[in-house]
Amino acid sequence: MPKLFFIEPIPDMLTDFGITLIFCTIVCEISILISNWLDHKLPWIEHSRKRFVIETLLNFVAVLGILFIIFSIYSYYVPEAGMHSVLTDSKYIQETREIMQQFLITLMVTFLVMVINTGNSILLKWKNTAVRAAESDRIAMEAELQSLKLQLDPHFVFNNLSVLSELILRDQQLGYEYAENFTKIYRYMLVNSKKNIIHLEEEIKFLNAYIFLLKQRVGEGLIFEIDIDRQQYLNSLPPLTLQLLVENAMKHNKTSKSDPLHLKIYTNTEHSIVIENNFNPLETNTPSSGIGLENIARRYRLLGAAKPEIFQDDKTFKVTVPLIELK
């Protein structure tokens, strides 16, 4: 009734406007709360029909409840406005019509808020999914680049070929074994560098080949202790994880015969694999970029698994990597 509204006294108009604003705010907030609560219980993507029916019913009940509370308070403080007051039939009909109009308008506002909030929620989920997909591709690329760096690093190739040529001249059988392990490393990288996860058993086989090459190059400056529970072999982890952690330890610690690097790789009772080394930093150690460790942490985060834990004191550096149990 616009013309009736605008002929009311200004204080009454402001009062009605304020009450309407408060009422709409309450309705909007409750509708948003209902939607946020149902996001955890009934996501739109998995339960679209059920979600629509339940959210509609909850909003309907909420609007009824709000209107009942408001009219109860209004009737209490303004008794003459109650439906039980002495009203003529025409006034009764008019009051009833206005109440129904207000109820329908409130429902329309509520459902408009529900539609806007739902659209925003779906758009946000789509955006997050797109961002996660882009980040996943970027992490996979970084993992591949880490392996390519080792494959194409001229120093790595030169060092291994130099060792291989020396072994062939000194011990042909050992040279043959060295070449076999060298081949296993490259084959593993080419086949598995783009995978998200791989069985621990396959990663250990690759690591053993990698360790064989390292020990022929470094000799007694590198000591490995490996104790893996075979029951964990079918659990998984991102490929090249162990190689990156071994490489990280060698990069920042001494590996001399008089001051060797001790590397322990073992599983614990918490379905994790631990890579631990004595902390013996190089005297001219360059600051770490953290790319290897950050790469591993981000891949675990994208997989929805517990993140690796890093421990360091004056004597020990240790990384605990969770194993992923496939269901």
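User: What should I keep in mind about numbering and confidence?

Analyst: Residues are numbered from 1 along each chain as its sequence is written, and side-chain values use heavy atoms, with hydrogens and water left out. Because the model is predicted, local features need pLDDT of at least 70 and side-chain atom pairs count only at pLDDT 80 or more, while totals for chains, interfaces and linings use all residues.

User: Why is leucine 240 called buried?

Analyst: Buried means under 20% relative accessible area, exposed means over 50%, and partly exposed lies in between (1.4 Å probe, protein chains only). Leucine 240 has a relative accessible area of 2%, so it is buried. Leucine 240 sits in the loop between β3 (236-237) and α8 (241-252); helices (H or I, at least four residues) and strands (E, at least two) are DSSP runs, numbered from the N terminus. Its phi is near 70 degrees, a positive value in a residue other than glycine.

User: What makes histidine 271 partly exposed?

Analyst: Its relative accessibility is 35%, so histidine 271 counts as partly exposed. Histidine 271 is in the loop between β4 (261-267) and β5 (272-278), and has a positive phi of about 55 degrees although it is not a glycine.

User: Why is α8 described as mostly covered?

Analyst: In α8, 10 of the 12 residues are buried, including Leu242, Leu245, Val246 and Met250.

User: What makes a set of residues a nonpolar core, and which residues have the most contacts inside the largest one?

Analyst: A nonpolar core is a set of buried Ala, Val, Leu, Ile, Met, Phe, Trp, Tyr and Cys residues joined through side-chain atoms within 4.5 Å. The largest has 45 residues, and Leu200, Val246 and Ile273 have the most contacts inside it. Helix α7 (residues 200-218) gives the most to this core, with 10 residues. Another core, of 5 residues, lies apart from it, with Val27 and Val63 among them.

User: What does valine 246 contact beyond its neighbours within four places in sequence?

Analyst: Contact means heavy atoms within 4.5 Å. Leaving those neighbours aside, valine 246 is in contact with Leu207, Tyr210, Leu214, Phe224, Leu263 and Ile265.
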